[in-house]
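The following paragraphs are intended to be read beside the sequence and the three-dimensional view. Please keep both at hand.

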Amino acid sequence: MRFHLLGPVEVSGDDGTPVALPGARARAILAMLLISRPNVVTASRLFETGHTAKDPVNALHVQIAKLRAALPEPRLVSEQGGYRLITKPGEVDVDVFVEACATGADLRKALATWRDPVDYEFAEAWRAELEELRLTALETAIDAEISRGEFPVAELTGLVARHPLRERLAGLLMRALHGEGRKPEALVVFSELRERLADELGADPSPEIAALHLELLRDVTTTGDVPHPVATRTGRGHPAAGNLPHPVGTLAGRDTELADLHRTLREHRLVTVTGPGGVGKTRTARELGHRLRDAYRDGAWMIELASTARDGSVLDAVAATVLEGGAPRDRVLSWLRDREALLVLDNCEHVVDDAAEAVSLLLGRCPRLTVLATSREPLSIEGERQFPLAPLALADAMRLFRDRAPAIRGDDTALAQLCTRLDGLPLALELAAAGTRLFSLNEIESRLDGLANATRHAPARHHSLRSVLDWSYDLLPDAERQVFAGLSVFRDGCTFADAERVCGASSAVLARLVDKSLVVPGPDGRFRLLETVRAYASGTADTTEFRSRHADVLLAFAQEVYAGLSSTRKDELLRRFLAELPNLRAVTTWLLDRGDTPRALALHGVLGYFWYVSGREAEGARWLGRALASFDAAPVPGCDGPLSLALAWHSYLGWLSGTLADPWQPAARVRSLYRTTSVPEEVRIALVAVAVVAVHLRPDEARTCLEETEKALADIDHPWLEAMLDAVRSDLHRRAGDLEAAVEAATANLRYFEGIGDTFGIVYSELRLGDAEEHAGHRSRARERWTRARDAAGLSPVKRGHAELRLAYLDPTTTDLTALRASAHEWAAHDLATAATTLLGLAHLERGEVSEAVERFREAVAESRALPVRTAVAAAHLVALDGPRWTDEVSKAVERITDPLHLAALRAVLREIPGLEGISRTLPDQPACTPLAALV
């Protein structure tokens, strides 16, 4: 048989005899089955081919029977709740066309068979893919013809008119016109294309088209076809996405390398620029990223890894850069999955294994992502293309030196000799140029001679840079040397106050180091060493004492943060916490390497709340886990206080992030520790976190945990902790059915956070209070609470999403559920995304869109990382819409639900769904509640 989808739907026998099909509905069903091969098409999807029948199920069966009778062979089979059409290779004209285009053999012959494919609403995406395939094949065929000296100008002119924004067609027309000698007309094509892109898309032509234009423009200018080059116009497009800053100053002598690197990057998704320290890897990669930022739809992003810890933090650095405020690593993978972007990973050498693992994961999960890395050594993973960057040529090195030191004393011969001694390394040149304010070129070179013996054991490629750094260091007085060495313990810089505390820096000493280009001041008020300089500085003295002071400074900061939990300085402290993250990671690594687990526990135990509010629950749980494992391997007496806080936050952050298999285990250790410690006053504060997690992890023990905590804290006055307990009480009262008490406790919780101006606490309190109000039947009050939470959640997009979902529960028309679901997937907020998907399915069902509803419910059931109650709700609706085979999914999900409120809410949902009475009767009818907890 032969099946035809190009043109009207037709079937013919092997001899070409047409097969009579029963009617328009049958042809539409056949088209859907053909397009969906080899997949099964459910009955609910086939309903899309006709909505007018009074009994759509029976009408579909009739059409299927007619279609089976019309086909000469038994090809239409029933299976898995739907139908599948069986075809053989070469029987469907679209398959033949696609194969011919894929192989590239005689594309013109394949294109001659093209007819517009069948036009059904359900086939729109399929038609678009075929049209794109046809145009790509046509472009490839014309490209080959132009290369052979054939110039189909008329055909291309018509194609450009029909597809005015298709850049490759415009480029082919430019080449064809140029080939026919109509060079000025080719330039006009580019000018018109640029205008259209700017006016309609807000974009500029791609680098490839711009390069073609430049090539033609040079040819036109050379041959004199026009008196002057055609003027270019800056596009009026939107700013490109990404974070790459505009380069400051010129990049000397890298034009050839940039062109070669660009070509390499077009052919490979991972390119690593390698070379010695100071050769200019970062500057070259940044310049290329800046030039290519418009070539990537979702922009170019610079990921600075110089201050990243060697502890699986590369993905965290990516998340902190591309997502505002950072995010868990699965959230950044979700965000990048369908993005067309360039990531520039800078300074991978000190985290090369972690970077290799992260890049492998990113490129494997994100098919449109391109990575440009810089490192002193390759990542050595599959698909990597290494791009060695050589030092500057002599002429370029001299040009760079003069640019940095325009008033140098000495002639070209002396400068050339010095640049040769410096091996053309840009960093060495810039550091040497800084010395020209004091010395002549000959004096600078003579100092290099005097340091030759000091560098004879270093690798040859490092001699010149080491010599420059040695020379710079040799000029420093003792006070500056001490500060220089001390600054090396900081990662990503420090404030002046911290530099003063750790290495005794005075403002005068720090200013002199800045003048000598050894310290770089930032616009954020922090002082930094370039990574190469920092590595050198760390070897100039024993830094043990500096590192110990650094740890003391961070511990004092952590205590200040902890003391400020109930102050109006919360936002300021959070910003400082984020700025100090690289130093926190470095100090923790040093403490754990030394076995100083008491200070590591103290550091992260008091910072647990800020790991939470900054959205870095997974990272906080990892550091706490490392510290606890180190402590358990070699316990230290007298650490019960720090140990209890670390255990409590490890339990809470591990539960939230899903990184702990048994998050109750550390909480249970806190309870045990409190009963046995000799310093209960230092442990009792940690019991608050135990009470919080017990509501979710051990509902049967939650009341006991709360009472233990209340008794332990009875003699202290700590309003912040009391507010936390109000949240626990509200949750417990709601689960016990005492709604008046739940509202009262939630109101007290909210009033406290409003009183101290804690935005994050206000959002959580409004959500909790709205839930209690809705449970009590006060839907208008709930709407007010959830609206306030949504409006206040600017720093917490996930919580804003939870508020929007609750508002959609009240009225689906108030929220774009499709957009919310997409955003939740980007944030890797799996339960939020699944709940939005379920509500979207219910909205489709309300409008009579059965097939769309079934699709959404199936998506919800397939998401294994959401709460089991979401699975139960979606599977229950599939029982009603897609058959009883989904009943087992409902039963399995119910077995995994432990929260009594979720079970009662699910019972309220199942009451409305026929066929599930048996399961519904097994669920508790208390507390009496609405479906809210099951749906959102």
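Does D492 count as buried, partly exposed or exposed? D492 counts as partly exposed because its relative accessibility is 32%, where buried means under 20% relative accessible area, exposed over 50%, and partly exposed in between (1.4 Å probe, protein chains only). This is a predicted model, in which local features need pLDDT of at least 70 and side-chain atom pairs count only at pLDDT 80 or more, while totals for chains, interfaces and linings use all residues. Residues are numbered from 1 along each chain as its sequence is written, and side-chain values use heavy atoms, with hydrogens and water left out.

The confidence of the prediction comes next. The predictor's confidence in each residue, pLDDT, runs from 0 to 100; the protein chain averages 84, and 90% of the residues score at least 70. Over residues 220-240 the pLDDT is below 50, and this stretch has 28 contacts in the model beyond near neighbours in sequence, a contact being heavy atoms within 4.5 Å. Residues 449-464 also have a pLDDT below 50, with 19 contacts beyond near neighbours in sequence. Where pLDDT is low, the predicted coordinates should not be read in detail.

The interior may be considered through its nonpolar cores, each a set of buried Ala, Val, Leu, Ile, Met, Phe, Trp, Tyr and Cys residues joined through side-chain atoms within 4.5 Å. The largest such core has 108 residues, and F484 and W720 are among those with the most contacts inside it. Its largest share, 9 residues, comes from helix α34 (residues 687-697); helices (H or I, at least four residues) and strands (E, at least two) are DSSP runs numbered from the N terminus. Leaving aside residues up to four places away in sequence, F484 touches several residues, including Y473, L513 and Y536. Apart from this core lies another, of 61 residues, among them F3, L21, Y83 and L212.

Y83 also takes part in a sheet: in β5, it is the bridge partner of S78. An open sheet of 3 strands has the order β3-β5-β4, with antiparallel pairing, two strands being paired if DSSP finds at least two bridges between them. The edge strands, β3 (41-42) and β4 (76-79), each pair on one side only. Between β4 and strand β5 (residues 82-85) there are 4 bridges.

Some backbone geometry deserves attention. Most residues other than glycine have a negative phi, and most peptide bonds are trans. D492, in the loop between α21 (478-487) and α22 (496-503), has a positive phi of about 60 degrees. N347 likewise has a positive phi, near 65 degrees, and lies in the loop between β8 (341-346) and α15 (352-365); N347 is buried because its relative accessible area is 14%. The peptide bond from R37 to P38 is cis, and a cis peptide bond also joins Q926 and P927.

Two side chains complete the account. D771, in helix α38 (residues 759-775), is buried, with a relative accessible area of 10%. A polar contact of 3.3 Å joins the side chains of D771 and W786; such a contact is a pair of N or O atoms within 3.5 Å, where within protein one must be able to donate a hydrogen and the other to accept it, and residues adjacent in sequence count only if both atoms are side-chain atoms. C503 is buried, with a relative accessible area of 0%. C503 is in no disulfide, and the nearest cysteine sulfur, that of C494, is 6.5 Å away, whereas a disulfide is a pair of cysteine sulfur atoms within 2.5 Å.
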